[in-house]
Amino acid sequence: MEEEERAIAVVGIGCSFPGGEGLDNFWNVLLEGKNCTLPIPNERFNSTFWYDADNSKPGKSHTSKAALIDGFNELDLRFFGVTDAEADYMDPQQKLLLHCTYRALENAGIPMEKASGTRTGVYLGLMNRDYDLTTAQYNPGLTNHWSGTGKAMSIAANRISYTFNLTGPSVAIDSACSSSLVALHFACQAIKQGDCEMALCGGVSCIIEPQVFVALSKAKMISPEGTSKPFSSRADGYGRGEGCGIILLKPLKQALKDCDHVWGIISKTAVNQDGHTVTPITKPSMVQQEELLRRIYSQSDLSTVQYIEAHGTGTPVGDPIEAGSISKVIAKARPPGSETLRIGSVKGNIGHTESAAGVAGLIKVG
C-alpha cells in the first residue's frame, strides 16, 4: 500500500528518435519492426575517410553506418527566445532537449505559461561531447561569450529550467549508457522527498564526429554492420544511434486528482554499480545485475511480470550476462504455469542511443 501511495506517473512524453520525430513515428518504427541503420552522410563527417574494414588499422572505424535522426540541428529556436547568433554556438543536443521538453509538456496538456514558475525539477542524462570536440578544431578566434554556455553539459539541464522558468533542481548526469535511467531514479527520489512537485527527465545523444566510432572499434564493441542484434547468435557489437527522449513525472495520486493521461506508472527504481567484481571496467557484472533485480522485484511481483525491456546492446559479452541474470532471478523463480517471460530491446530498431538509451526503452513500453 505504501508503494502505491508513493508511485510516480508518467504524464507527458516528447521524443525524437531515428524514424521520425514524435511518438507516432516512434511507434510505427516498432510496429513495422523497422531497422533505422543507414550510411553516415557526409554532413556529419566523411565516413569514407574514417572507415576501414580492417579493424587493425590505426585511427579507423570498423563501421560506416549508424541510426540517425533528420534535421537534428535545424530547429528554429526563436520560439524559445534564443537568438540566431546564440543558436549558432549551441550544442545540437541542447536544441533537441528544448524541442522534446516542449513536446512532453504539450503531450501532458500543460502550456508553457502554466508550467512557468512551478517547482519542476530537470534531470537529464548526456555523455557525448561531439559538438565540443568538433568546434575545438576551429579557429580559437571564433570563441565568444556564447561558446561556454553552448557547450557546457550543466547548461543542457539549466537551459530547460531557464527557458520554461522551472524552479526545481536542475541536474545533468553522465553515467555513460545508463545516464537517462539514473536521471529517472534521481527524479523519482526528488519527487518522493519533496524537492520538486513534478520532474522532467530523460536523455539525449547526437552523433557529429568520428572519434567515438574509432574508440569503440578498437575496443571491439561496435558492429561492423552498424546494427545492434539483441540476444542473437549473430550479435557482433552494438550499432550506434542518436536521439532524445523526455518524460514528465508527477506523483500518481496527484495525476489521478488532476485527471491526467497516465502513460505508465513507476512503482520502484534502484541503482547500483559493479564495483570490482569483474574485469575489465567495461564488462557487466552478473552478480550485481542479479543483486539489483532481487532488490527491485518482490516474490509477489514475479508471477505478474510479462515483459522486460532489457539493455540488450547486441554485444556477445553483455547480452548473455544480462539474459542469464534475468533468467536466474525472475524466469526461474516464477510459479509453475506462469506465462513465458519475454525480453526485448529497442536497440534492434533505433540502435544504441547511449545516454538516451534508457529513456528510449521506457517510452517504448509506456
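## Contacts and the overall fold

Contact here means heavy atoms within 4.5 Å. Going by that, 78% of the contacts in the protein chain with a separation of 6 or more come from residues 24 or more positions apart. Keep in mind that this is a predicted model.

The C-alpha trace spans about 65 × 55 × 40 Å along its principal axes, and 48% of the 366 residues count as buried.

## How helix 13 meets helix 15

Now for one helix pair. Two packed helices are described by the angle between their axes and the distance between the axes. For helix 13 (residues 286-296) and helix 15 (residues 318-331), the axes come within 9 Å and cross at roughly 40°. That angle makes helix 13 oblique to helix 15, since only angles under 35 degrees count as roughly parallel. The crossing of the two is right-handed.

## Who touches whom

On the helix 13 side, the contact is made by Met286, Gln289, Glu290, Leu293 and Arg294. Helix 15 brings Pro320, Ile321, Glu322, Gly324, Ser325, Ile326, Lys328, Val329 and Ile330.

Sorted by class, the contact of helix 13 with helix 15 has 7 nonpolar, 3 polar and 4 charged residues. Gly324 of helix 15 is one of the contact residues, and Gly goes in with the polar ones in this scheme.

Definitions and conventions:
Residues are numbered from 1 along each chain as its sequence is written. This is a predicted model: local features need pLDDT of at least 70, side-chain atom pairs count only at pLDDT 80 or more; totals for chains, interfaces and linings use all residues. Side-chain values use heavy atoms; hydrogens and water are left out. Axes are lines fitted to C-alpha atoms, for helices over the stretch in contact, and angles run from 0 to 180 degrees between N-to-C directions. Helices (H or I, at least four residues) and strands (E, at least two) are DSSP runs, numbered from the N terminus. Angles under 35 degrees count as roughly parallel, over 145 as roughly antiparallel, 65 to 115 as roughly perpendicular and the rest as oblique. A crossing is left-handed if the near helix is turned anticlockwise from the far one by less than a right angle, and right-handed if clockwise. Buried means under 20% relative accessible area, exposed over 50%, partly exposed in between (1.4 Å probe, protein chains only).
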